[in-house]
Amino acid sequence: MSGTLVRMAGPTVVAEGLSGAGLNEVVRVGEERLLGEIIRIEGDRATIQVYEETAGLALGEPVEASGEPLAVELGPGLLGSVFDGVQRPLAELAAREGDFLGRGASLPALDRTRAWEFEPAVAPGDRVEAGVRLGVARAAGAPDHPVVVPPGVAGRVAEVRAGARRVEEPAVLLEGGAPLALLERWPVRRPRPARRRLPPDVPFLTGQRVLDCFFPVSAGGTAVVPGGFGTGKTVLEQSLAKWAAADVVVYVGCGERGNEMSEVLDEFPRLEDPRTGGPLLARTVMIVNTSNMPVAAREASIYTGCAIAEYFRDMGRSVALMIDSTSRWAEALREISARLEEMPGEEGYPTYLASRLARFYERAGRVETLGGAEGAVTMVGAVSPPGGDLSEPVTQCSLRATGALWALSADLAHRRHYPAVDWSVSFTLEGDRLAGWFEREAGDGFGALRDEARKLLQRERELAEVAELVGTESLQDAERLVLESARLLREGFLRQSALDPADATCPPAKAFEMLRLFLEWHRRAGAAVGAGVPLRSILDTGLGARLLRLAQLPAAEVPGAAAALRADLSEALARLEAE
Ligand SMILES: Nc1ncnc2c1ncn2[C@@H]1O[C@H](COP(=O)(O)OP(=O)(O)OP(=O)(O)O)[C@@H](O)[C@H]1O
Ligand SMILES: [Mg+2]
């Protein structure tokens with residue numbers, strides 16, 4: 001079906017003569033066949049957001065509807081790829097078009113020329129349905145890629161074509177059905193189906209002590225990471241990509257500043273995967289919106305990323321979907337809404353911002369896949385609130401849609417306390433569901449220790465206010481001990497160096513052992529102070545400094561070091577009490 005361009009306002013254009021076309025249908029705009037999507041239909045007038053530069057487009061040019069919604073290509077070759085918001089391969093585009101993207105440059109997402117060795121797991125006569133594994137696709141230098149029957153497809157296998165296949169070539173033929181290739185397509189805005197949701201009682205371990213111990217989320221859970229300019233959102237997302245318990249990472253970079261995304265493009269491929277020693281990119285799919293791409297592509301990018309994440313989930317993988325940052329996505333939504341002349345809501349964002357975010361985060365989850373495996377998509381969305389003000393709409397709408405708030409504080413970042421997660425405002429809604437897991441796997445009494453630690457930090461805050469008024473000298477030794485113990489806890493436990501090889505990630509057992517010792521120190525020093533030992537003498541033992549060094553020990557050495565420290569603490573306190 002073909003229509004005509006009748007109106008243009010930047011990347012939003014209007015075409016007439018498309019009465020049969022549907023909402024979210026993909027169209028090709030103008031002689032150059034620019035990629036676009038229908039975002040509003042009124043009679044035979046369709047409003048279209050164009051994903052490419054529209055300069056030079058003229059009224060009267062043809063607009064052609066495709067009959068298909070905006071979709072991604074899913075298949076072998078995704079891992080290690082870098083795409084733009086509508087899944088065009090950036091490296092190939094750059095090679096072909098020079099350094100910036102040519103228009104109508106519709107290169108397929110997955111390489112059409114590369115041959116994969118298809119090793120079938122089914123034979124003619126087998127009945128297969130959605131989720132059943134058809135076989136594996138292999139190629140040198142790429143991880144084995146399971147080939148699974150897509151959602152909505154079932155039938156009896158008529159023919160199997162083992163051996164060298166390109167992604168579009170039929171690999172399995174079903175009786176009376178369409179041939180199944182290594183590649184499938186999926187509309188990005190539609191959640192992929194699963195058999196059922198699984199309860200959120202397994203943590204998504206991040207390797208960051210402050211998150212895992214104080215504000216854990218489940219595998220399949222969601223967290224929002226608001227942080228003002230330069231508070232460490234990107235570094236945190238990269239640490240999670242490296243260390244979190246995820247088989248596959250989908251990283252959506254939504255930057256605005258021109259150099260921000262080129263930094264990411266530059267840095268990310270150089271990150272090393274601590275599990276393999278190879279590049280982290282080998283288990284990552286990157287979606288990157290560079291600044292010379294129109295806003296509409298940025299709006300689509302989080303859905304593109306999500307559909308790819310769900311595809312790997314459906315193979316039984318644990319997937320981490322990171323978005324940096326959702327504020328840039330929301331700004332794109334605001335811009336499109338303004339062009340549609342919709343009634344603006346708070347701060348100009350459309351009134352449906354909250355429901356869009358909620359529907360998006362709902363696509364996270366741990367599921368039993370159609371094939372009966374267990375898979376998960378965990379989402380971590382950074383937010384860049386202007387001025388770090390958490391009351392702004394994107395933060396607030398995200399908060400209502402997610403299970404945890406990991407708020408980054410400019411004050412902590414300024415003091416170089418990283419990760420700058422503010423323990424006084426962050427929270428998780430999943431703590432109770434996950435408590436059982438931590439008691440079982442990390443250590444008995446984990447929950448009680450965590451509560452004790454949080455009380456200590458709370459007490460520190462109260463005392464700091466008092467001290468500010470009356471001066472530290474007027475505090476009692478017992479109160480000064482609270483300040484000292486809380487300082488040790490902040491600097492030796494909550495703080496974690498992304499650069500120290502032993503400290504960059506922390507397994508729960510190490511965190512538990514550390515936390516236990518920090519609090520033991522506080523309790524026993526408190527008892528000694530109560531028995532009349534001057535705090536000064538306890539601090540002079542130098543044991544506090546040894547506590548601070550625990551973080552830098554490899555996990556395996558921590559129990560031994562903790563036992564030695566514990567023994568020395570007993571001895572020192574006994575000596576001081578005897579004096
Ligand atoms: N965990 C960390 N360990 C050490 N340094 C860190 C850590 N996190 C952040 N930093 C320091 O803070 C700087 C800014 O961090 P980052 O780029 O992640 O901030 P951001 O919140 O993403 O900023 P923007 O708002 O510009 O996107 C880093 O370049 C680094 O020097
Ligand atoms: Mg950043």
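Q: Which residue stands opposite Arg7 in β2?
A: Val14 stands opposite Arg7 in β2. This is a predicted model, where local features need pLDDT of at least 70 and side-chain atom pairs count only at pLDDT 80 or more, while totals for chains, interfaces and linings use all residues. Residues are numbered from 1 along each chain as its sequence is written.

Q: What makes β1 and β2 a pair of strands?
A: Two strands pair if DSSP finds at least two bridges between them. Five bridges join β1 to strand β2 (residues 12–16), so the pair meets that definition. The two strands run antiparallel. As for the names, strands (E, at least two residues) and helices (H or I, at least four) are DSSP runs numbered from the N terminus.

Q: Which residue takes a positive phi in the hairpin of β1 and β2?
A: That is Gly10, with phi near 60 degrees, in a hairpin that has two residues between the strands.

Q: Why is Asn24 called partly exposed?
A: Buried means under 20% relative accessible area and exposed means over 50%, with partly exposed in between (1.4 Å probe, protein chains only). Asn24 has 27% relative accessibility, so it counts as partly exposed. Asn24 lies in the loop between β2 and β3 (25–29), and has a positive phi of about 65 degrees although it is not a glycine.

Q: Why does Arg33 count as partly exposed?
A: Arg33 has 40% relative accessibility, so it counts as partly exposed. Its place is in the loop between β3 and β4 (34–42), and the phi of Arg33 is a positive value near 55 degrees.

Q: What makes a space a cavity, and how many cavities are of 30 Å³ or more?
A: On a 1 Å grid over the protein atoms alone, a cavity is a set of points where a 1.4 Å probe fits but cannot get out, whereas a pocket is an open set with protein on both sides within 12 Å along at least five of seven lines; lining residues have an atom within 4 Å of a point. Two cavities of 30 Å³ or more are counted. Of its 14 lining residues, the closest to its centre are Gly131, Val148, Val149, Arg192 and Asp314.

Q: Which residues line the second largest cavity?
A: The lining is made of Leu517, Trp521, Leu547, Leu565, Arg566 and Leu569, around a volume of about 30 Å³. The largest share, three residues, comes from α16.

Q: Where does the largest pocket draw its lining from?
A: At least three residues come from each of domain 3 (196–429) and domain 4 (446–578), with bounds from an automatic or database domain assignment. The pocket holds about 840 Å³ of space and is lined by 39 residues, of which Thr231, Gly232, Lys233, Thr234 and Val235 lie nearest its centre. α3 gives the largest share of the lining, six residues.

Q: Which peptide bond at Ser325 is cis?
A: The cis bond joins Asp324 and Ser325, with omega about 0 degrees. Ser325 is found in the loop between β22 (318–324) and α6 (326–339).

How values were computed
Chains are lettered from A and ligands numbered from 1 in the order in which they are written. Side-chain values use heavy atoms; hydrogens and water are left out. Grid points are joined across faces, edges and corners, and a volume is the space filled by probe spheres set on the points.
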